[in-house]
Amino acid sequence: MFTVLRERAECRAGLCRRVLLRQTAAVCAVAALSIGAAFAEVSDERLLAAVHDADNWLSYGRDYGNQRFSPLAQIDTGNVAALKPAWVYRSGVSSTFQATPIVVDSVMYLSLPFNHVVALDAKTGAELWRYRHERRTKKMCCGPANRGVAVAYGKVYIGTVDARLVALDAKTGKVAWDVPLVEDIGGPAERTEQLAEDDPLRGQRVTGTTGVGANMAPLVYKGKVIMGITGVGYGLHLDSDRPGAPVGAVVGIAGESQRAGFYAAFDARYGTRIWQIDATPGEGWEGRFRTTTPDGEPLERDIAREKATLARHADAWKRGGGSAWTTPAIDPELGLMFVGFGNPSPQMDDVTRPGDNLYTVSLVAVDLDTGRLRWYFQQVPHDMWGYDVASPPVLFEVQYAGRPIPAVGQAGKTGWFYVLDRLTGRVLSKSGPFVPQHNLFRRPTAAGIEIYPGGAGGANWSPVSYDARSGLAYVAALHMPIRYTVREIAASGDQPAVRYTALEPVQGPQWGTLTALDLNDRGKIRWQVKTERPLIGGVLATAGNLLFVGEGNGSFKAFDSRSGELLWQHATEAGVNAPPVTYRIDGRQYVAVAVGGSEIFGYKQGDMVYVFALESDAKSAKE
């Protein structure tokens with residue numbers, strides 16, 4: 001049996017009562033205790049030891065290495081068929097839902113679309129408090145989705161669609177502090193792209209533009225909150241004219257956007273900015289004008305034109321793009337943080353940004369104390385395809401040349417899994433392609449050229465899981481052919497000339513891939529499953545030899561992580577496009593996932609969190 005919970009506790013004048021969901025005020029701690037959940041503080045010591053904490057899910061990637069592997073094994077390959085919904089929570093906010101729930105000592109902290117936050121009793125789903133975010137600007141560059149909160153030191157931290165970092169009291173949901181990530185959001189200096197009046201795409205609904213926002217889950221480390229901004233790609237997202245279809249087009253317009261992306265560290269107590277690393281450096285941003293990727297793949301670039309226009313665009317670095325889409329991984333022993341930067345600005349269209357456009361589309365190692373660059377690996381110099389480093393980096397130890405080496409890996413939109421030496425950035429291996437590849441790194445043309453994987457990936461923002469017992473990394477990815485077309489419209493009257501590159505999904509077969517890669521054997525594919533719909537959302541691996549993943553058609557599935565055999569599935573009412581988590585309360589293991597679809601991929605939206613467990617008489621006695 002399971003219940004849909006639509007009420008919460010509220011305390012007034014010393015009395016507690018149950019009220020309907022969708023109230024906005026935070027509730028007192030007495031209410032939380034009255035329905036069985038106790039608020040506990042998360043310390044640095046707990047975060048550093050999170051990999052050994054089987055009961056909780058303390059941060060976005062579960063541990064600082066972002067491995068998303070749980071040692072829980074009560075639910076396993078032998079009994080997963082008995083998995084049932086334990087409870088379902090409905091938030092009342094139906095929109096693209098990508099959040100990773102954070103679970104701390106029986107309390108679940110959850111970010112909702114538009115940056116509302118709730119605390120739930122993780123055993124029953126009862127709402128303990130709710131924070132309702134009031135945006136300071138109506139413009140959203142990158143949609144309403146948020147990928148999660150961070151919890152530490154008695155606070156809950158969230159980055160917002162209107163580019164703020166907010167700290168809430170973990171017991172009540174009340175605002176502790178609220179600071180801007182940038183000072184001039186929405187001001188007169190904020191340039192917005194526009195299509196020409198006679199452009200055939202002009203009539204389509206714009207669902208995303210350049211601006212500034214934040215949707216990555218923050219990360220807390222030794223008194224710092226790490227956060228980055230998005231929306232600096234200088235491009236438009238245009239809605240599809242077909243219901244239920246992915247976004248109709250992504251348009252990168254030649255011109256001058258306003259700013260570059262960055263990651264920054266803030267004081268966790270007061271919100272004061274400590275350091276910042278920008279996606280594009282003031283010196284050397286043009287790089288070496290590479291004709292290949294660092295791993296040897298040929299790039300179709302017009303190097304002569306780029307060098308001839310370099311002086312004209314000498315300040316392109318100031319607005320170089322490089323959104324921060326992904327929550328970092330941290331190596332406490334090395335004192336390093338590993339982050340990914342997104343595509344350069346303008347996205348796809350390259351005529352106003354010569355050079356390699358450092359450090360866009362790069363995996364970057366950053367000194368945690370100072371924010372200084374240690375090394376970078378630019379997967380795609382001078383990107384013209386939207387190949388953001390979007391899936392979170394993951395840390396592990398890999399066997400290389402007969403000895404163990406601390407490594408960092410990342411599943412690329414390009415369709416390869418890259419493995420680098422954590423200390424130096426040296427490439428140790430690159431997997432075979434985990435999705436089909438065609439015309440990779442070919443230059444967009446006026447006639448249009450079909451490329452895959454395109455800007456959607458490969459592996460998009462979906463986090464991977466890594467099982468150290470087997471050395472297998474599990475990657476959720478997608479096959480979605482993309483047509484890239486360059487369009488130029490001459491000046492007419494008082495209308496200036498317009499040039500842009502459009503990315504449009506090709507009508508035809510699309511699907512997903514779920515792949516197990518052996519990282520001790522240079523990323524060799526051990527097994528792969530083809531799914532009905534492109535996979536976006538992420539995976540969870542457990543010691544029960546299970547792999548959990550959701551699909552946009554509403555199906556939530558469990559596979560045998562050793563073979564890829566489908567063992568269980570459950571149909572939900574909306575797309576399952578968020579990363580699952582697992583936790584344990586009173587000896588019972590739960591698996592939780594947000595169910596709310598994705599507008600940009602055309603998946604049905606919703607407002608639910610599903611939590612599953614074995615029925616009491618079916619639970620294993622293994623633990």
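A charge sits over a ring if NZ of Lys or CZ of Arg is within 6 Å of the ring centre and within 35 degrees of the ring normal. In this predicted model, Lys307 lies over the face of Phe289, at 5.4 Å from the ring centre. The whole structure holds 21 aromatic pairs and 31 salt bridges.

**Rings**
- Besides Lys307 over Phe289, the charged end of Lys530 is placed over the ring of Trp511, 3.9 Å from its centre.
- A cluster joined by ring pairs contains Phe548, Phe556, Trp568, Tyr610 and Phe612.

**Salt bridges**
- Side chains of opposite charge can pair when their charged atoms come close.
- Asp55 and Arg584 form a salt bridge through their side chains, with an N to O distance of 2.6 Å. This pair links distant parts of the chain, 529 residues apart: Asp55 is in the loop between α2 (44-48) and β4 (69-70), and Arg584 is in strand β40 (residues 581-585).
- Asp55 has a relative accessible area of 31% and is partly exposed; Arg584 is partly exposed at 23%.
- Lys430 and Asp295 form a salt bridge, with their closest N and O atoms 2.7 Å apart. Here too the pair links distant parts of the chain, with Lys430 in strand β28 (residues 427-430) and Asp295 in the loop between β20 (273-278) and α3 (303-308), 135 residues apart.
- Asp295 counts as partly exposed because its relative accessibility is 23%, and buried would require under 20%.
- In the salt bridge between Asp521 and Arg526, the closest N and O atoms are 3.0 Å apart. Asp521 is partly exposed at 33% relative accessibility, and Arg526 is partly exposed at 41%.
- A network of salt bridges links Asp302, Arg305, Asp350 and Arg443.

**Leu517**
- Leu517 is in strand β34 (residues 511-518) and counts as buried because its relative accessibility is 0%.
- The C-alpha atoms of Leu517 and Phe434 are 8.6 Å apart in space, while the two residues are 83 residues apart in sequence.
- Not counting residues up to four places away in sequence, Leu517 touches several residues, including Phe417, Phe434, Leu472, Val475 and Ile525.

**Ser391**
- Ser391 lies in the loop between β24 (373-378) and β25 (394-400) and is buried, with 0% relative accessible area.
- A polar atom of the Ser391 side chain lies 2.7 Å from the backbone oxygen of Ser462.
- Leaving aside neighbours within four places in sequence, the contacts of Ser391 include Thr326, Gln410, Asn460, Trp461, Ser462 and Pro463.

Conventions
Residues are numbered from 1 along each chain as its sequence is written. This is a predicted model: local features need pLDDT of at least 70, side-chain atom pairs count only at pLDDT 80 or more; totals for chains, interfaces and linings use all residues. Side-chain values use heavy atoms; hydrogens and water are left out. Rings of Phe, Tyr and Trp (its six-membered ring) pair if their centres lie within 6.5 Å; planes under 30 degrees apart count as stacked, over 60 as edge-to-face and the rest as tilted. Helices (H or I, at least four residues) and strands (E, at least two) are DSSP runs, numbered from the N terminus. Buried means under 20% relative accessible area, exposed over 50%, partly exposed in between (1.4 Å probe, protein chains only). Contact means heavy atoms within 4.5 Å. A polar contact is a pair of N or O atoms within 3.5 Å; within protein, one must be able to donate a hydrogen and the other to accept it, and residues adjacent in sequence count only if both atoms are side-chain atoms. A salt bridge is a side-chain nitrogen of Lys or Arg within 4 Å of a carboxyl oxygen of Asp or Glu.
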